[in-house]
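Q: I am new to this structure. Please show me how to read its features, one at a time.

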Amino acid sequence: MAEAAVMGMIQYLEGLHVTCPYTFERWIFGIKIQLLEEMLDFMRELKMEERSRLKYLMADLVELAQDVMDVRIRYNSDMALMLINGDIKITKTRVINFVADEKNIGDEEEAEEEIVVGLEENVKQLLDKAILNNYSSKQILCIKGMIGIGKTTLARQVYKAGAGQFQRHAWVSYSSNKEMLMKLIQQMVVGYEILPSLEEMDNRSLQSLLQQHLQGLSYFIVLDNVSTESQLDYILKYLPYQGTRSRLLVTSRYKFRRIDVSYTHEMKSLDSDKSWQLFLKTVDKITSVENRFSKNLERKGREMLEKCWGFPMAIIDVARQKAKQRLSGIEWEELFDSIDLSESLKLLEPMYHQLEEDIKPQFLLFSLFKENAIMREKKLEQIWAAKGLHYTRIALEFAEQSILEVVKQHYEKRNCRLNPPLLHMISIKKAEEKMGLEILRSNGNSRPSQNARHCVIHCGRDKFNHFTNENSKQLISLIFHGGGGYLDEASSSYWESFEVLKILDMDDFGVKTLSETIGALIELRYLGLRNNYIQEIPHSLGGLKKLEALDIAQNFMVEVPDIIQEMDGLRDLHMSNVIFRNPLKVDALQKLGTLAYISIYDWAYEGPGFETMYGFRTLGIEEVDENSDIGTLFATLAKFPYFRHLFIRGFRFRSMPSLDEIGVLRGLETLKLDGRIGRLPSADNLPEWIRYIALVNTCLDEDPMQIMGNLHSLTHLKLRNAYIGREMVINYWAFPKLEVLCIRELWNLRKIQVDDDAKPLDFPPTMRSLRKLEINNCPQLETLSDQIQWMPNLQVFKMVTTKHIATKIRNSGVTSKILEDDINP
């Protein structure tokens, strides 16, 4: 049936293609025919159409084929066809996975249904502030997190507690479009049994039936395990838009970028206490007794669970193993000596297989980092680039797929870690299989292999054999973790044998000196020497013509000879507190993109080649004081066509000069000032399109909000020890696009006031775009403005203050409507 339907569509389009007189329309018909023929070939390859669920998935393909037919001839019809082509690929993948009997990855959490730990506050928050609030329009909410983190468990608790408050409700685990529609109808359409067989109805008839019966009713639907935006789009098209308190709660590993998703709750790992509680509850349930442990045994048990990293699926898996072993007679003392996470890793591994092929190599390189390491996005991008891999927005993509957890965000750049850290074990396993990774430990019996292409060395105090010529010639990456004296006894010719090495990372390794023979690494692309004890950079580094990233930051007072300008392949240069023998001639580095930090006096900017440095976007400058010629610096930076990010550090306790001339940097997006400054430039003298400003240790006398509020493109504002006054006043019309406001260590601040007197008639709410407000360590700030509760998009409020003030803020009720309010202690 499905094959015949698509064949009929192809024959119809072929007739139109032959008779159409217009070239563009014939091209569109040709694309449609090509898509349908590819779909037809795919259907013919399948041999299992008799299975009912596969028939539902095949029905999705037929429906998509109809969508191909329905695309009108218009200017952007080629884009519409591209989007449909993407949906076809996704549906094909789902069919293939089903035929291969792959496990539905959303169902592994089903076993957690009766074992709930640490979700009480989340359930209450979602119910009171999102599901059962008084908003009459339809709202979409999402619970996001990695496989096994507890998304379905949380959604189930919310559904049980709140579904009865709606006229119709349903729970559906996403499978095929038709199967999902049938389940929704079975749960929400009264009397569906007397209707014609749902299985015999096509998708569009089911959609019409569902919409007709829900019109005018309130409903609460949970869509569990949604994996693409198009799957969510599909159901939304056929749900009534108007409804009384209608809610759609979606669980997903993915972040949805739709503007109508009003709130996304990101699941977090459990802390040590909740991990232990979940372990105990699971063990007690399986053994049917209440297990009690001595303090010593509990300590051993908690230490064992640390290897689960607070990941519920792993904790439950370990608890089941231990409970069954206990029932077989093994004592707890022995059981707590080891842990087996193999089953949890098997459940997580499908995540790797579901990655797009073009980003799997990037995932494999997580294996080069330490377990549970916090990774700087910039470093990730540099290592990916050194391997010749695409890196733009890849870290963000991993974060949106719940593979990376964002620990700290600096505007567009993030510090991340694998979420859960168990994914590190998968990255190692796959890297060993796919790219020849080898991990060596000084306290083990491992010896370097001749076949390894990437090597990670974990060093302790023990010594072990160095590489020989035979087992170093093939290495592409060499990473050192730990410390000790691994390189102290290396010969002066040690580096000469690494003929094809591209990545050398010795960050945080305790390196004191570097041999001149390191210049023999002529294929090197990335050299990481951050946070060591290096006092001088070897002259031979100037010969590394292919080096793209050099990181020597956090090596106190390291001396740099006049060699950097010889490294003409350099794209990223990270430093701090360095001593240059001669000023760095930046124009010699035509590929340079990032330079941070360098003394304003070590920067040579008289060359004629600035206009051709298209990649130079970021500069960090330090040792700026009242004698610095900051105006000339700004005029020079204005010559770089794509310069966007500027970080300025003052010199010790001296004040920085006026920044009034900074307005010449018309394209500047990011500005960070770290150090005392007498006053800020007026809003008219700041770059018009600036989006991120951080003021750190500026100790301003005047309220910065009066100037910052006039920057109409500003989206992020961070203040840390930035203002010594007692009161901040925010004009009602200020900050039209501000999304994140972070206020820290304003020790004298007593009041933040919104100026209602400045409110124009019929003007939208103040700070209407603000979604996150963070106030930390402002010990005199005891009250918040009532305007906070009327900011329509404010979803996250965090405050660290004294116990007295925390209690006072909670009791005021001013944050009661904010979805995430975290006031500590």
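Q: Where is leucine 686 found?
A: Elements come first: helices (H or I, at least four residues) and strands (E, at least two) are DSSP runs, numbered from the N terminus. Leucine 686 sits in the loop that joins strand S23 (670–674) to strand S24 (692–696). This is a predicted model: local features need pLDDT of at least 70, side-chain atom pairs count only at pLDDT 80 or more, and totals for chains, interfaces and linings use all residues. Residues are numbered from 1 along each chain as its sequence is written, and side-chain values use heavy atoms, with hydrogens and water left out.

Q: Is leucine 686 buried or exposed?
A: Buried means under 20% relative accessible area, exposed over 50%, partly exposed in between (1.4 Å probe, protein chains only). Leucine 686 counts as buried because its relative accessibility is 7%.

Q: Which residues is leucine 686 in contact with?
A: Contact means heavy atoms within 4.5 Å. Setting aside neighbours within four places in sequence, leucine 686 touches Ile662, Gly663, Leu671, Pro681, Ile707, Met708 and Leu711.

Q: What about threonine 715?
A: Threonine 715 lies in the loop between helix H20 (705–708) and strand S25 (716–720). Its relative accessibility is 5%, so threonine 715 is buried. Beyond neighbours within four places in sequence, its contacts include Tyr411, Arg691 and Lys737.

Q: How many disulfides does the structure hold?
A: A disulfide is a covalent bond between the sulfur atoms of two cysteines. The test is a pair of cysteine sulfur atoms within 2.5 Å. The structure holds zero.

Q: Why does cysteine 416 count as buried?
A: Cysteine 416 counts as buried because its relative accessibility is 0%. Cysteine 142, at 2%, is buried too.
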